[in-house]
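Welcome! Please take a look at the sequence and the structure below, and then follow along with this short tour.

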There are 2 protein chains.
Amino acid sequence: MADKSEGEKALSIRDVARIAGVSRQTVSRVLKRQPNVKASTEAHVRQVIEELGWRPNSAARALATSKSKTIGLLVSSRSQYGPLSAAGAVDDAARQRGDTISSATLAQGDDESISAALDAFSAQGVDGVVVIAPQQRAHEALRRVAVGVPFVSLQWRAGPNERVVAFDQGAGARAATRHLIELGHSRILHIAGPQDWNEAEERMRGFLAEMSAADVPTEAPVLGDWTVDLAYELGMKLLGHREFTAVFAELGLRAIDILLADIEGTPPPEPAVVKVPELIVRASTAPPPVR
Amino acid sequence: MADKSEGEKALSIRDVARIAGVSRQTVSRVLKRQPNVKASTEAHVRQVIEELGWRPNSAARALATSKSKTIGLLVSSRSQYGPLSAAGAVDDAARQRGDTISSATLAQGDDESISAALDAFSAQGVDGVVVIAPQQRAHEALRRVAVGVPFVSLQWRAGPNERVVAFDQGAGARAATRHLIELGHSRILHIAGPQDWNEAEERMRGFLAEMSAADVPTEAPVLGDWTVDLAYELGMKLLGHREFTAVFAELGLRAIDILLADIEGTPPPEPAVVKVPELIVRASTAPPPVR
DNA sequence: TTGTACGCGTTATCAA
DNA sequence: TTGATAACGCGTACAA
């Protein structure tokens with residue numbers, strides 16, 4: 001059952017036309033839902049298509065129309081959840097439109113790899129490319145490579161003549177920080193993400209900008225790497241200090257809770273978690289009394 | 001710079017042939033590295049190709065050869081790290097071979113979705129399909145759907161006439177469990193993964209089999225879901241009990257350490273972590289004295 | 001409303 | 001060693 005693809009050389013639109021007793025053109029019209037087809041003819045053709053289980057060959061169609069109905073998907077990172085998740089979403093959306101996704105997951109973001117992948121896409125005649133390369137150098141490489149196809153970047157910031165789709169991470173970070181400040185916190189620790197990643201960088205900027213705007217004395221953010229390992233280490237390390245009353249952190253969802261539970265010595269009954277897109281802010285509703 | 005794809009209607013093998021002063025066929029021969037081409041001719045053609053930056057149109061090639069050099073990649077789950085990571089690896093491997101990957105990430109593993117995706121692959125004339133559907137029902141659906149192309153499953157167990165590539169999760173789990181038993185542990189807790197997932201199921205079976213073989217009294221495993229949330233909850237819940245001396249768990253890498261640190265009240269200086277493919281076993285080198 | 005004929009870019013067959 | 005010519009399966013003016 002795993003293969004029935006013996007002989008039976010795949011049938012074409014001719015076969016359908018012959019069996020249905022019409023011309024190829026009529027079959028083509030039915031396929032494209034063009035108006036000038038008699039209802040009965042259309043119904044009949046559809047039935048034959050259904051019975052034969054025929055599907056138009058997309059290579060031939062691409063060749064004839066010089067449109068591939070294919071979108072190239074370039075993903076730079078293979079280990080991070082964010083990019084992979086976004087890739088899945090793009091994939092899904094494309095299929096719902098009847099498009100197909102040709103994907104290239106790059107282990108390294110060097111110029112050659114990117115160029116090669118883009119080249120392959122070009123040979124396939126993709127209608128466009130979606131780039132998910134939130135890392136600094138991957139995107140720089142992308143700029144260097146001459147691109148022959150239109151493309152849009154996810155999770156990036158727009159340069160001149162570039163099209164991007166992204167959250168405003170800076171604004172989100174500012175909102176989160178403001179929230180903490182308005183709660184009365186003045187000693188806020190920011191655990192940032194890897195600064196090679198655009199989103200992390202923008203969040204840190206937002207944090208610093210808001211702290212500065214509110215005239216709150218700011219300590220240097222801790223540079224994190226989004227791993228649970230680090231959450232653990234920080235939790236342990238920060239157990240001793242307690243030089244802050246709130247944390248604005250980039251960590252896994254629950255990791256921050258674990259960290260804070262460690263720090264506070266007791267799990268918060270109902271953690272006050274504020275969700276901004278891709279951001280988590282957690283704090284007691286008010287800072288503890290100064291000792 | 002984001003698009004230079006104006007007019008300039010992509011050049012074809014004819015252009016190359018004309019400019020190089022040879023026939024299309026010769027260009028084609030050079031491309032396929034066929035033997036019967038004079039060295040000087042080949043060099044010249046290659047140079048022209050290089051200068052023009054020409055790449056053969058893959059749709060036309062697919063049409064002429066009825067081989068697409070394309071592999072369909074069917075991924076069932078969108079949220080788990082394992083499947084997505086494996087997908088990236090497949091992608092990478094394909095591109096290194098000069099093949100392209102057409103991917104379909106399914107949000108749900110119902111029959112219709114799988115069937116539709118497989119249908120699309122078939123229309124593209126993929127040379128084969130790689131299935132990454134470690135979940136029970138997704139694979140059942142796959143069996144139900146009539147498949148016209150050869151396919152191989154990752155992370156699954158082989159049924160009759162099926163081809164799979166997978167770790168022997170059961171053996172790994174048995175080895176891990178044996179390790180704990182040999183260290184002298186007799187009260188071992190297994191935190192299992194979601195039993196809808198084949199790998200989790202096989203690991204649990206391995207654990208139970210080994211415990212049974214060693215005649216160690218066994219408590220019912222705790223059913224987990226691979227989330228950090230659960231690691232946290234379990235850590236809190238298990239704080240009171242302590243009815244075991246070792247844990248064999250399916251959790252994120254460091255999550256298990258956090259959990260155990262919570263339980264033990266103190267971080268282990270040098271955690272004894274044993275890595276089996278996709279398994280983590282952690283234990284003190286010997287069980288603590290019975291109180 | 002339906003059919004005919006040609007082109008899309010490449011490979012394959014056969015002849016030169 | 002090279003070159004004409006016919007497929008490959010479909011879309012699309014154009015004709016009927």
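By class, 9 nonpolar, 6 polar and 2 charged residues make up the lining of the largest cavity. Please keep in mind that this is a predicted model. The structure has 4 cavities of 30 Å³ or more, and the largest has a volume of about 200 Å³. Among the 17 residues that line it, Ala87(A), Thr105(A), Ala87(B), Ser103(B) and Thr105(B) are the closest to its centre.

Both chains contribute to this lining: at least two residues each come from S1 (70–75), H5 (81–96) and S2 (100–105) of chain A, and from S1 (70–75), H5 (81–97) and S2 (100–105) of chain B.

Now for the sheet. In which order do its strands follow one another? The 10 strands form an open sheet that reads S5(A)-S4(A)-S3(A)-S1(A)-S2(A)-S2(B)-S1(B)-S3(B)-S4(B)-S5(B), with mixed pairing. At the edges stand S5 (163–165) of chain A and S5 (164–165) of chain B; each has a single partner strand, so one side of each is left without a neighbour in the sheet.

| Strand pair | Sense | Bridges |
|---|---|---|
| S3(A) and S4(A) | parallel | 4 bridges |
| S4(A) and S5(A) | parallel | 3 bridges |
| S3(B) and S4(B) | parallel | 4 bridges |

In chain A, Ile132(A) stands opposite Leu154(A) in S4(A), and Leu154(A) in turn stands opposite Val165(A) in S5(A). In chain B, Val130(B) has Val152(B) in S4(B) as its bridge partner.

Helices pack against the sheet too. H6 of chain B (residues 111–124) touches S2 of chain A as well as S1, S2 and S3 of chain B, and its direction makes about 175 degrees with that of S1(B). H5(A), which also supplies residues to the cavity lining, lies across S1, S2, S3 (128–132) and S4 (151–154) of chain A together with S2 of chain B. The angle between H5(A) and S2(B) is about 85 degrees.

Finally, let's visit a pair of helices in chain A. How do the axes of H1(A) and H2(A) cross? The axes of H1 (residues 13–20) and H2 (residues 24–31) of chain A come within 8 Å and cross at roughly 105 degrees. H1(A) and H2(A) are therefore roughly perpendicular to each other. Where they meet, H1(A) brings Ile13(A), Arg14(A), Val16(A) and Ala17(A), while H2(A) brings Arg24(A), Val27(A) and Ser28(A). By class, this contact has 4 nonpolar, 1 polar and 2 charged residues.

Conventions
Residues are numbered from 1 along each chain as its sequence is written. Chains are lettered from A and ligands numbered from 1 in the order in which they are written. This is a predicted model: local features need pLDDT of at least 70, side-chain atom pairs count only at pLDDT 80 or more; totals for chains, interfaces and linings use all residues. Side-chain values use heavy atoms; hydrogens and water are left out. On a 1 Å grid over the protein atoms alone, a cavity is a set of points where a 1.4 Å probe fits but cannot get out, and a pocket is an open set with protein on both sides within 12 Å along at least five of seven lines; lining residues have an atom within 4 Å of a point. Grid points are joined across faces, edges and corners, and a volume is the space filled by probe spheres set on the points. Ala, Val, Leu, Ile, Met, Phe, Trp, Tyr, Cys and Pro count as nonpolar, Asp, Glu, Lys and Arg as charged, and the others, Gly among them, as polar. Two strands pair if DSSP finds at least two bridges between them. Contact means heavy atoms within 4.5 Å. Axes are lines fitted to C-alpha atoms, for helices over the stretch in contact, and angles run from 0 to 180 degrees between N-to-C directions. Angles under 35 degrees count as roughly parallel, over 145 as roughly antiparallel, 65 to 115 as roughly perpendicular and the rest as oblique.
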